[in-house]
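Hi everyone, thanks for coming.

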Amino acid sequence: MSSELSTRYDASLVESKWYSAWEEAGLFLPDPDSAKPKYTITIPPPNITGSLHMGHALCYPLQDAYGRLARLKGMSVLIQPGQDHAGIATQSVVEKNLRKEGLSGAQLGREKFVKRVWEWRKESGDTILHQLRTLGCAFDWSRTRFTLDPKYHEAVLKVFIDWFNRGLIYKGKRVVNWDPALKTSVSDIETERKTIRGKLYYVKYPYADGTGFVTIATTRPETMLGDVAVAVHPSDARYSNSIGKILILPLLHREIPLIADQYPDPAFGSGAVKITPAHDPNDYEVGMRHNLPMPVLLTEDGKITSEGGSYAGLDRYEARKKVVADLEAGDYLEKIEDYDIPVLVSERSGEVIEPLLSEQWFVKQTELATASIVAVESGVVKFFPERYNSIFLDWMLNIRDWCISRQLWWGHRIPVYYDEAENSYAALTWDEAQKKAADKKIVRQEEDVLDTWFSSGLWPFATLGWPEKTPELAERYPTSLLITDRNIINLWVARMMMMGFDQMGDKPFSEVMIYSTVLNEQGKRMSKSLGTGVDPMAIIDKVGADALRYTLMSQTGANQDLRYSEKKTEETRNFCNKIWNATRFVLMNLEGPAPTEPGELDDTDRWLLSRLRATEVTVRKAYAAYDLQVACQTLFRFFWSELCDWYIEVSKSRLTDQSTKATPQWVLLKAIEAFLIMLHPIMPHITEELYSHLPIEGKAPFLMSASWPKLPADFENPEAEKKIERAFELVRDFRALRADLEMTPREVVPIAFYEGNLGGTEGIVRSQAWIAELKPGKPEDGQFFSVASGGVDMHLPIGGLVDEGKLCETTKRELDKIGKDLEKLDARLQDATFIERAKPEVVERDRESAEELRERFRKLSDRLGLLKCE
């Protein structure tokens, strides 16, 4: 067997070999056996502009892991891949490419520009799908869908038309996130929140009757040109006699009212806020409540409109400088302060987002949200971790209308057509619209496209063939699981739920796993532009996909932030090497046919099989709870500590004896087989390679198509566990004593004594504590050191084993150093200023360090006493 398994684990050879083998064997396709339960995941479709980042390196292997787990559980699995057309992102990329050619989209016109985008998509759009293969993702590539496929496009239009005809879609004005560079509205997910250092301007708004002024504070003084009122809280006593009075808008000298509204915070500054309904969502709500005018101050590219009087035509930032200068010259500027300003920045263009009142298409969501709310409240759809249930419900219970239009060319063009009188008709085609219009001539189609989240909201059912009644749709909707990021619960999960219940009459998925956000080692967001990103492909080239998968998944559980570090990946590579070498060791000790189940087991055999069963129970429950951190930790501890560090070491003498080796061989094979199967969803390649070498009769042709371990109930043996763990604990303490005495590990000592009952584990203690002879009783003479554990005292005579003089000197030096360190720590902990100002965790860490030093000081002092040092 050993000749077949390489002496060294090479991830690149193993991973490429098995991915091809799985695909050629058709294992990525759903099992056609109709008797098998169906398990379906429709992956979050990555953008066609995307290339692999660390978030993807966790997200998509998670989809794969749960698909592999379901296969092991005997299900017919479909992991449905695909891509999103990513309207803004893709249009932005192609526009940049055109600029390099000295062209622009405007010069090409809509039709030629869209053609160029399709050409770019053909050349570069599949990059990330190829990278997902490198990660080991066993998706059914034969079914890959794209959100602008003709059939998918038709599905999107059908939902729009249905909602339009039901009065759920309407055109109206709202304040939206506006990108002045891309000249389109953008969703929250397409923006980044940043804090920039800026200025807070305090501006005096005089009363028209000359009785004084009201001071307002603003970070965007140019927007005052669009002010239509100043608002104060009705409970603010400072303005009790002024509400309803007229103010003069500085610079434009327009009369505006002082109004009372619940929006202003009386505790902030003067308690008065300027109201610019067209350029602030909160101001818009105030404007609606008070029926205020809503002049639009900015153009689509961020310039001042004619509403700004003499400032018209200026860029918004140029206008700011001029407005501030004119306010100062007119004695309207009370003061200017430095201020940290929270802003939204467009993820695509880098421009600061401008809130802008714009005519857009909207969906009424309140009615659509009801079924989704009931589903989560009743547990029909469950979020993991559970706290996201309340986050989802909070959003849905307070849901507002959804702006679904984007001022782009790339995407699903809104299927609304207009006749000469501007009557609108929703239709699949121009001809269909003309039929609906009858004798009125259709003259144009709506220019805007739909928000990308509208089309991706259909993903769970449109990818399965809807609106056609396909077999896949009938068998696999609702899907089983959605795995996604917490940042798109509102933008995507909510939309899929609403569309699924509305169009299919059922939930789109049963469970939603929210995975962790991958941060860098310092806990910062990974970003290429910030220089904090890490390229997963480079990591895969270095250590392999399995090592990267385990590194990320082993930190994925109830926590929602994980920190990536190369150190953790190196540790995982070491784990891979450990798995490889230990399995190779076991195979090297096998000769002839596979060992059969023995009739007699000893206590260590029973202990390991009991630990194997306990591991399987814990891992199975952890997978079911979407806590991969616990699953990985449990598997790691079982293999590294229990199987390798203890069982293999204890069993080496039996493995070299022809008369006893069959039993530990059988136990090791049973344990390794079960371990490899349980680890397979996380590390698919190395587990498949090692499984292929196991001499097990009747095993599956691939681990990927094997069955989850079924371990007999009688493997569970609490008595054996207690007995063997007690012996191991004694060994640990004895090894610690040896280390304390600076003795060489594994160097056999001639004799040790014990008092108490070892319960038949003398052989384990002797071999694992590296003792030639273990005798009951106590040394009769000479110096010895002792440890006590589990009711047993062990004594180690040190005569001739240690240099007592040297040990005395090193002990004194260490005591001296500990004393000084303790003195410093105690002084800091007695400093009231330190206790008051330091973080609680820092204080607690210092207290724990002090206690550890005191315990070490006590042990060293005892050592000095026993050594009788001068």
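Let's start where H20 meets H22: Asp605, Leu608, Leu609, Leu612, Thr615, Glu616, Val619 and Tyr623 in H20 touch Thr663, Trp666, Val667, Lys670, Ala671, Ala674 and Met678 in H22. Contact here means heavy atoms within 4.5 Å. That set splits into ten nonpolar, two polar and three charged residues, where Ala, Val, Leu, Ile, Met, Phe, Trp, Tyr, Cys and Pro count as nonpolar, Asp, Glu, Lys and Arg as charged, and the others, Gly among them, as polar.

Keep in mind that this is a predicted model: local features need pLDDT of at least 70, side-chain atom pairs count only at 80 or more, and totals for chains, interfaces and linings use all residues. Numbering runs from 1 along each chain as its sequence is written, and side-chain values use heavy atoms, without hydrogens or water.

So how do H20 (603-624) and H22 (662-679) pack? Their angle is about 10°, and their axes are 11 Å apart. The two are therefore roughly parallel, a label for angles under 35 degrees. Axes are lines fitted to C-alpha atoms, for helices over the stretch in contact, and angles run from 0 to 180 degrees between N-to-C directions. Helices (H or I, at least four residues) and strands (E, at least two) are DSSP runs, numbered from the N terminus.

Now the sheet. Four strands make an open, mixed one, ordered E27-E26-E29-E28; strands pair if DSSP finds at least two bridges between them. E27 (771-776) and E28 (784-789) are the edges. E28 pairs antiparallel with E29 (792-797) over six bridges. Finally, H24 (718-740) lies across E26 (749-755), E27, E28 and E29, at about 150° to E28.

Technical notes. Angles under 35 degrees count as roughly parallel, over 145 as roughly antiparallel, 65 to 115 as roughly perpendicular and the rest as oblique.
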